[in-house]
Amino acid sequence: MGQTLIEKIIARNIGREKVTPGEIVTVNVDRVMVHDIFIPFVADKFEEMGFSKIWDPDKMVLIYDHLVPASQLDDARHFATGDAFAAKYGVRNVHRSDGICHQLMTEAGYVKPGDIAFGTDSHTVTYGCVGAFSTGIGYTEMAGILGTGKLWIRVPETIKVQVDGTLPPNVTSKDVILQILGDLRADGATYKSLEFAGSTFDAMTVASRMTMANMTVECGAKCGLFSPDEKTAEYCGIAPADFKNDTFLQNLKGDPDAVYDRVLTYRAEDFVPVAACPSQVDNIHPVSEIAGKAVDQVFLGSCTNGRLEDLAAAAEILKGRKVAPFVKFIVTPASRKIYREALEAGILETLAEAGAMITHPGCGLCCGRAGGILTDNEVVVATNNRNFLGRMGTSKVQIYLASPKTAAWTAVEGKITVPV
Amino acid sequence: MGKVFRFDNDVDTDQIIASQYLLFPSVEEMAPHTFESLDADFAKNVRPGDFVVAAENFGCGSSREQAPSVLKALGVKAVLAKSFARIFYRNCINIGLPAIVCKDLYEHVHTGDDIELSMIEGTVTAGGQTFACTKLPAHLQGILDQGGLIASLDV
């Protein structure tokens, strides 16, 4: 009997031929990510556990992003605690203002196809875009990994999502994942692995796959995996010949006779621009149904949609146009590298010319801490991943999650607009 | 015996403890803000030994361990839900707060009802009726029995 993608990754990690969903196994961790919000708690627990050293300090990556740049006095305390922890235990991979953790982990080469990685943030599932098993954990478990290099996991069942064909031009991978979340519902994949397959995903950029893997946690999934291909290899800095000769990576796809919990099948041509309406990520409606609703703010950014292709898509729409009066259009590239590339390509100039506020890479607005938080009765169209009550300000803010194209057109028109 | 505080489907971790409180220096200082957007008086009204009862997907959203930690700090004895989001569930076990899947309880209780939990039997008694809960896998029960991950690692 064949295996799913996640079963292959786990089996190789523990040196077994195969694993079975439901089994509890202990895996060897290839990489961990700790971010600024939780580093003081990780540090406390690590010392409370009595560890004197990190199992492999180079396997830890410490990233400051949620609090960068500091907006409250407490934020700076977290940086100081992180720096002290890194110095004491010899952690060299520290990023203090390079971008959002989930962008950096693959962009800077920390996570490769087939790896197993854990992070203190729920959107750690993002690295499934390169075919890595990665997921979020709490700070006590993270402290345990730092001491032992190991973690127990339950081998998950797999839900396969098969999409074939060509997406309409006004539809992005964001619309695809939102529609899937709407169909699966917020708990439809709890404890399970999502496996994406089909010609539509083959044609996607790694960046577009990243958007989708990022949001798989919103239906409860433990991970969301794409098979690595030549594009993945190039993105991860794996030489074409090495990729071709790596039988594990070449075979890192669900077998035809693998056992799936469920298979969802779509035609790419059937997708339309959609939005997650207040205040659940699975409250999905076609943008055409909610078009015309006036907005106060538009946000383009986050680990979901702050990449070069997202900024470029917005710039293409905003070129020669202006952001509607009274609309605050906030643009946050996901990393310093993307910021620089967008600058060099003239994208930031186009966006700024149109009236955008361009901010430093970080998580501030998406997690409701800084950089454009909203108040009662305000409406925002945002490209990030959560529209929970109170997420980006008060609990009476109305958050609509949508694609960069929908966001850009909405910024121009000042009301929710179907992209053309 | 403890009182029920009942919540619906898809209660997310932002609703349990909002992100603006996560940087408070201690869990005890965050605890008064538990469930603030859903029930502003929850922290005032809950007593040690009380229970949180919920429908599906309790604790979805972020990885914040502060979510189960504030409940534990307020003395919540256990969270009983139809289902849990996975990170919240792991965090509960790791900090020693029982997270128990009980499919039928939600429909039969309301906020303010008294219920009794037997961890050993794996049952809850409410209004004269007894409801069976799903038992934890042995590995997880072991962590919980020892009071959480720190105790069980025994470094």
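These legends describe close-up views of a predicted model.

**View 1. Seven strands of chain B form an open sheet.** Their order is β4-β3-β2-β1-β5-β6-β7, and the pairing is mixed. Strands β4 (99–101) and β7 (129–132) of chain B stand at the edges. Each has a single partner strand, so one side of each is left without a neighbour in the sheet. From one strand to the next, the twist averages 35°.

**View 2. Inside that sheet, β2 of chain B pairs with β3 of chain B.** Strand β2 covers residues 51–54, and strand β3 covers residues 78–81. The two run in the parallel sense, over four bridges. One point to find is B:Ala54, which stands opposite B:Ala81 in β3(B).

**View 3. Helices α5 and α6 of chain B pack against each other.** Helix α5 spans residues 86–95, and helix α6 spans residues 138–145. Their axes are 7 Å apart, at an angle of about 45°. An angle between 35 and 65 degrees is neither roughly parallel nor roughly perpendicular, so α5(B) is oblique to α6(B). From α5(B) come B:Tyr89, B:Ile93 and B:Asn94. They meet B:Leu140, B:Ile143 and B:Leu144 in α6(B). The residues of this contact divide into five nonpolar, one polar and no charged.

**View 4. A:His78 lies buried in a helix of chain A.** The helix is α3, residues 73–89. A:His78 has 1% relative accessibility, so it counts as buried; the cut-off for buried is under 20%. Which residues touch A:His78, leaving aside its neighbours within four places in sequence? From chain A they are A:Asp36, A:Ile37, A:Ile39, A:Pro40 and A:Leu67. B:Leu23 of chain B is also in contact with A:His78.

**View 5. Helix α14 of chain A crosses helix α16 of chain A.** Helix α14 holds residues 308–318, and helix α16 holds residues 347–354. The axes come within 9 Å and cross at roughly 45°. That angle makes α14(A) oblique to α16(A). The crossing is left-handed. On the α14(A) side, the contact is made by A:Leu308, A:Leu311, A:Ala312, A:Ala314, A:Ala315 and A:Leu318. On the α16(A) side, A:Ile347, A:Thr350, A:Leu351 and A:Ala354 take part. The contact residues divide into nine nonpolar, one polar and no charged.

**View 6. Several residues of α14(A) are buried.** They are A:Asp310, A:Leu311, A:Ala313, A:Ala314, A:Ala315, A:Ile317 and A:Leu318. What covers them? The cover includes strands β14 (297–301) and β15 (328–332) of chain A. It also includes helices α13 (302–305), α15 (336–344), α16 and α17 (404–413) of chain A. Just after α14(A), A:Gly320 takes a positive phi of about 75°.

**View 7. Strand β17 of chain A is covered on both faces.** The strand runs over residues 379–382. In a regular strand the side chains alternate between the two faces of the sheet. Here A:Val379 and A:Val381 lie on one side, with A:Val380 and A:Ala382 on the other. All four residues named are buried.

**View 8. Strand β17(A) pairs with β14(A) and with β18 of chain A.** With β14(A), the pairing is in the parallel sense over three bridges. A:Gln297 stands opposite A:Val380 in β17(A). Strand β18 covers residues 398–401. Its pairing with β17(A) is also in the parallel sense, over four bridges. There, A:Gln398 is the bridge partner of A:Val379.

Terms used:
Residues numbered from 1 in each chain as written. Chains lettered and ligands numbered in written order. Predicted model: local features only at pLDDT ≥ 70, side-chain atom pairs only at ≥ 80, totals over all residues. Heavy atoms only, no water. Pairing = 2+ DSSP bridges. Axes fitted to C-alpha atoms, helices over the stretch in contact; angles between N-to-C directions. Parallel < 35°, antiparallel > 145°, perpendicular 65-115°, else oblique. Left-handed = near helix turned anticlockwise from the far one by under 90°. Contact = heavy atoms within 4.5 Å. Nonpolar A, V, L, I, M, F, W, Y, C, P; charged D, E, K, R; others polar. Buried < 20%, exposed > 50% of the residue type's maximum accessible area, 1.4 Å probe, protein only.
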